[in-house]
Amino acid sequence: MKTERPFLLAALSVLLTAALTLPQARAVEPIGEVEGPVDLPPAILALPVEQAVLTAPPHVPPPITRKTPARVVVHLEVREVEARIADGVTYTFWTFGGTVPGSFIRIREGDVVEFHLNNHPSSKLPHNIDLHAVTGPGGGATSSFTAPGHSSQFTFKALNPGLYVYHCATAPVPMHVGNGMYGLILVEPQEGLPPVDKEYYVMQGDFYTQGNYGEPGLQTFDMMKSIDERPTYVVLNGAVGALVGDNALTAEVGDKVRIYFGVGGPNLTSSFHVIGEIFDTVYPEGSLSHPANNIQTTLVPAGGATVVDFKVEAPGTFVLVDHSLSRAFNKGALGMLKVSGPADRVVYSGKEIDAIYLGAQSEEGTEAQKRQQELQDRIAAEMKSNPAIAGLTKEVQIERGKQTYMQLCFACHMPDGKGMPKVFPPLAGSDYLLADTDRAIRVVKKGLTGPVTVNGETYNSAMPPQDHLTDQQVADVVTYVLNAWGNDGGSVNVDDVRRVLSESK
Ligand SMILES: [Cu+2]
């Protein structure tokens, strides 16, 4: 069933796209009408011709230095690739240029762009492109519907400066975008942008997989989750950890850093924030005309972008997040900027002092508190040495331990503690258990594998570690098995469990 879906969807999307984008075209012809090359006026034909430099994230093509327009030729290749989305998890991304986000395109206001969309022959589906920088129907989508192994060409003039999202607009659009089909195109204003030391390219996207977060193997797109806007992953640059560790962005103390930040979506917006930094300049919504200053968090819509500039004054790791924090800490929307260089302890001192803080307590209040603690300690000691109370404590532990046993251990060791011949050793009357209570604690918390002899029988199986139990639960369940079914073991308390675990580390 599952393997048939892409083909069904392919057929569907061809029909839908034909219907959506070519209302007047004959239904049998899914590829866009070809109108032939545009007759460019002599003034434009006279412009210098340039091949656009495209870069993979997090890199950005170099600033444009020319002061006059050009005819810029862009070749962007669509490829469907299987790649890592999280450790042990892969996903079939649909990409512009082989990466998520797609290749960064940099042009200048007034440029005339000859755009080629090439769909790799290995693709299973047709795709197109809607560039928000384009003024025209579908932002280019109506002219760029491209079957696998085909190439489409259209021309547009970059009328408005700004940072723009581009994306696939083939039906079902949320699926194409949700599979990673988006990127950024920067249209530099004629006067250029203020120079900085480092420029980076980061995009946030939400992904919807059939498996839960972290479920290993190749994951496929989940249409229902996408419709309900319940993403499994929310990531920066296409994967959990794409900008972490060795892949972190870098800068030197004193650098001016610029991040071109976009949100592909398909659904979520981003509250973009860099922990420990203040954006000196934000170009809200990707408009380069009215920068704002001194901003902590900037809201970026789905299908929108922003440019942030900030000088890094202190060394250390600065964390890029969507400040909708569950996305950052539970779904992957987190990256890092590592700044190296000397610390200026006036800008940021680091921890200076750690001292006892007593609040507004008077000296006498503090004395009273101390005295109270002493008395409580004495009561606790008294209770421990009182045999009646100690006995009751053990009774309580046995009852609690029985609960845990009947939820967990009984499945293998059986409710009567007799185990199962050759597979699960008995706990009732087990010489192995009764010989060493510390060892029993270790077995419960860390599991047991390999041959083990219990009452003369050898078992060679595996007991899974029960490490989700609290130290108290371990103490209780071990106390229970030491005393159930006629066993005459002692008791184990939390301190014993902690001691054993710290010894065996
Ligand atoms: Cu597509």
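Reader: Leaving aside its neighbours within four places in sequence, with which residues is Leu40 in contact?
Author: This is a predicted model, in which local features need pLDDT of at least 70, side-chain atom pairs count only at pLDDT 80 or more, and totals for chains, interfaces and linings use all residues. Residues are numbered from 1 along each chain as its sequence is written, and side-chain values use heavy atoms, with hydrogens and water left out. Leu40 lies in the loop between α1 (5-21) and α2 (42-45); helices (H or I, at least four residues) and strands (E, at least two) are DSSP runs, numbered from the N terminus. Contact means heavy atoms within 4.5 Å, and apart from neighbours within four places in sequence, Leu40 is in contact with Leu45 and Arg71.

Reader: Which residues are the protein donors of the copper ion?
Author: Donors are N, O and S atoms within 2.8 Å of the metal (3.2 Å for Na, K and Ca), and water is not among the atoms, so sites may look incomplete. Along the chain, the donors of the copper ion follow the spacing H-x40-C-x7-H-x4-M. Lying 2.0 to 2.5 Å from the copper ion, they are His127 (ND1), Cys168 (SG), His176 (ND1) and Met181 (SD).

Reader: How many residues apart are His127 and Cys168, and where does each lie?
Author: The donors of the copper ion include His127 and Cys168. His127 is in the loop between β5 (112-119) and β6 (130-131), and Cys168 is in the loop between β8 (162-167) and α3 (173-178). The pair thus links distant parts of the chain, with a separation of 41 residues.

Reader: What is the geometry of the site of the copper ion?
Author: Four donors count as tetrahedral if all angles lie between 85 and 135 degrees; four count as square planar and six as octahedral if opposite donors are over 155 degrees apart and all others between 65 and 115; anything else is irregular. With angles of 88 to 138° among its 4 donor atoms, the site of the copper ion is irregular.

Reader: Are α9 and α10 roughly parallel or oblique to each other?
Author: Helix α9 (residues 437-446) and helix α10 (residues 471-483) pack at about 125°, with their axes 10 Å apart. Axes are lines fitted to C-alpha atoms, for helices over the stretch in contact, and angles run from 0 to 180 degrees between N-to-C directions. Angles under 35 degrees count as roughly parallel, over 145 as roughly antiparallel, 65 to 115 as roughly perpendicular and the rest as oblique. The two helices α9 and α10 are therefore oblique.

Reader: How is α7 oriented to α10?
Author: The axes of helix α7 (residues 387-413) and α10 come within 7 Å and cross at roughly 95°. That makes α7, relative to α10, roughly perpendicular.

Reader: Which residues of α11 make the contact with α10?
Author: Helix α10 and helix α11 (residues 494-503) pack at about 105°, with their axes 8 Å apart. That makes α10 roughly perpendicular to α11. From α10 the contact uses Asp471, Gln472, Val474 and Ala475, and from α11 it uses Val494, Val497, Arg498 and Leu501.

Reader: What is the omega of the cis peptide bond from Val100 to Pro101?
Author: Most peptide bonds are trans. The bond from Pro57 to Pro58 is cis, with omega near 5°, and Pro58 is in the loop between β1 (49-51) and β2 (71-86). Pro101 lies in the loop between β3 (89-96) and β4 (105-108). The bond from Val100 to Pro101 is cis, with omega near -5°.
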